Amino acid sequence: MIITFLSTSLCIFLVVVLVRFLHTVWWTPIRIQHIMASQGIKGPAYRFLHGNTKEIVQMRRKSISTPLDNSSHPIFARIMPDIHAWRKLYGKNYLNWQGPQAQLVVTDPESVKEIMNNKDGAYHKGRPDRFLKKLLGDGIVVTEGEKWTKLRKIANHAFYAESLKGMVPAMIASVETMLERWRQSEEKELEVNQESRLLSSEVISRTAFGSSYLEGEKIFAMLTEMGSISSRNRFKIRLHGIGKFLKSRDDLESDKLQQAIRELIIAMINKREEKMMRGEENNYGSDFLGSLIKAHHDPDEKNRISVDEMVDECNTFYLAGQETTNAFLAWCLLLLATHTDWQEKARKEVFELFGQQNPTAEGIARLKIVSII
């Protein structure tokens with residue numbers, strides 16, 4: 001009797017699990033696809049389990065398999081060939097699938113404007129995947145509501161116009177270091193993308209965290225590796241809950257990196273706090289790190305932030321600030337190398353305004369050609 005009961009219970013359990021599985025990965029996607037189509041929203045067909053991820057990966061691999069034509073300015077089709085192709089095929093707004101998860105892709109300008117304004121708070125930020133969550137935590141990029149407002153206020157305070165002006169000498173020092181390195185390598189070929197990465201990392205370390213690039217080097221390297229792990233797993237589909245029982249090599253590696261980054265950032269925070277306690281500094285500092293530490297010790301509990309929140313914000317600004325600035329600089333240099341006439345115009349304008357002197361914050365605002373670039 002007991003064996004029969006257990007066997008029956010197991011069968012029922014397996015049937016329930018199977019029904020729930022099929023409901024999630026088959027019935028619900030098909031139903032959503034049908035409902036959206038009835039409202040005029042179409043898109044590539046849902047494929048069992050993986051959705052459209054395999055198609056997206058294949059399209060993007062094919063797109064970057066050949067060198068970029070420097071004479072061709074429209075690069076959207078190369079970077080996001082799936083959106084470029086499906087927008088033409090299905091319209092400005094269409095439905096695609098990240099595994100069994102439906103995604104409404106919106107490219108209509110008026111709809112985008114409405115979503116970004118989000119006056120009624122109807123549109124919520126998407127939840128990051130497991131790797132992006134380790135990278136950004138619960139920082140300003142992914143959080144909402146009162147917490148977002150609090151974190152945004154801290155970030156704004158560190159990057160007021162007056163604060164930015166005070167960063168100019170540190171930026172100049174970083175650029176001078178880079179130029180001296182270039183002078184010593186005149187006979188060698190330089191990897192411009194790597195050079196812009198070093199420069200942006202150095203500037204962010206100096207201006208936002210009051211440290212040298214050498215102090216932040218380990219953090220940058222580990223965040224970059226975390227970013228690579230997140231990128232290569234972006235279109236990999238894993239069923240919800242399975243990660244609790246089975247961990248991939250990337251899961252284990254990202255766990256180690258996350259813990260190591262946290263320890264380094266906390267050590268940097270402790271170092272700043274100890275200077276304050278020893279009387280070496282009058283306050284925690286006016287840079288971004290100083291603003292975070294000040295908020296952590298705020299007497300008003302509503303304004304106070306935790307250690308975890310400080311770590312998440314440091315991660316965000318180290319990574320997002322460095323990666324975006326690096327990509328921007330590298331792309332500008334590529335375009336200037338391709339269009340030498342604009343390079344000459346910019347050089348002429350800079351020398352006419354500053355001569356042999358270093359740029360100033362006030363003077364930079366008067367650079368018309370450079371502003372256009």
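About 320 Å² is buried between domain 2 and domain 3, and carbon and sulfur atoms give 64% of that area. Buried area is the accessible area (1.4 Å probe) that two parts lose on being put together, summed over both. The model is predicted: local features need pLDDT of at least 70, side-chain atom pairs count only at pLDDT 80 or more, and totals for chains, interfaces and linings use all residues. Residues are numbered from 1 along each chain as its sequence is written, and side-chain values use heavy atoms, with hydrogens and water left out.

**Domains**

- The chain is divided into domain 1 (22-63 + 76-123), domain 2 (145-328) and domain 3 (339-372); such bounds come from an automatic or database domain assignment.
- On the domain 2 side, Lys-165, Val-168 and Ile-172 lose the most area to domain 3, together 87% of what that side buries.
- Four residues of domain 2 are in contact (heavy atoms within 4.5 Å) with four residues of domain 3.
- The C-alpha centres of domain 2 and domain 3 are 30 Å apart.

- Two packed helices are described by the angle between their axes and the distance between the axes.
- Helices (H or I, at least four residues) are DSSP runs, numbered from the N terminus.
- Axes are lines fitted to C-alpha atoms, for helices over the stretch in contact, and angles run from 0 to 180 degrees between N-to-C directions.
- The axes of α8 (residues 161-183) and α9 (residues 192-209) come within 9 Å and cross at roughly 150°, so α8 is roughly antiparallel (over 145 degrees) to α9.
- Residues in this contact include Met-167, Ala-170 and Trp-182 of α8 and Leu-198, Leu-199 and Val-203 of α9.
- The contact of α8 with α9 divides into 10 nonpolar, two polar and four charged residues. Ala, Val, Leu, Ile, Met, Phe, Trp, Tyr, Cys and Pro count as nonpolar, Asp, Glu, Lys and Arg as charged, and the others, Gly among them, as polar.

- The axes of α12 (residues 288-296) and α13 (residues 307-338) come within 10 Å and cross at roughly 165°, so α12 and α13 are roughly antiparallel to each other.
- Among the residues making this contact are Phe-288 and Leu-292 of α12 and Met-310 and Phe-317 of α13.
- By class, α12 and α13 meet through eight nonpolar, one polar and one charged residues.
- The axes of α13 and α14 (residues 340-354) come within 5 Å and cross at roughly 110°, which makes α13 roughly perpendicular (65 to 115 degrees) to α14.
- Leu-336, Ala-337 and Thr-338 of α13 meet Thr-340, Trp-342 and Gln-343 of α14.

Conventions. Helix = DSSP H or I, 4+ residues; strand = E, 2+ residues; numbered from the N terminus. Parallel < 35°, antiparallel > 145°, perpendicular 65-115°, else oblique.
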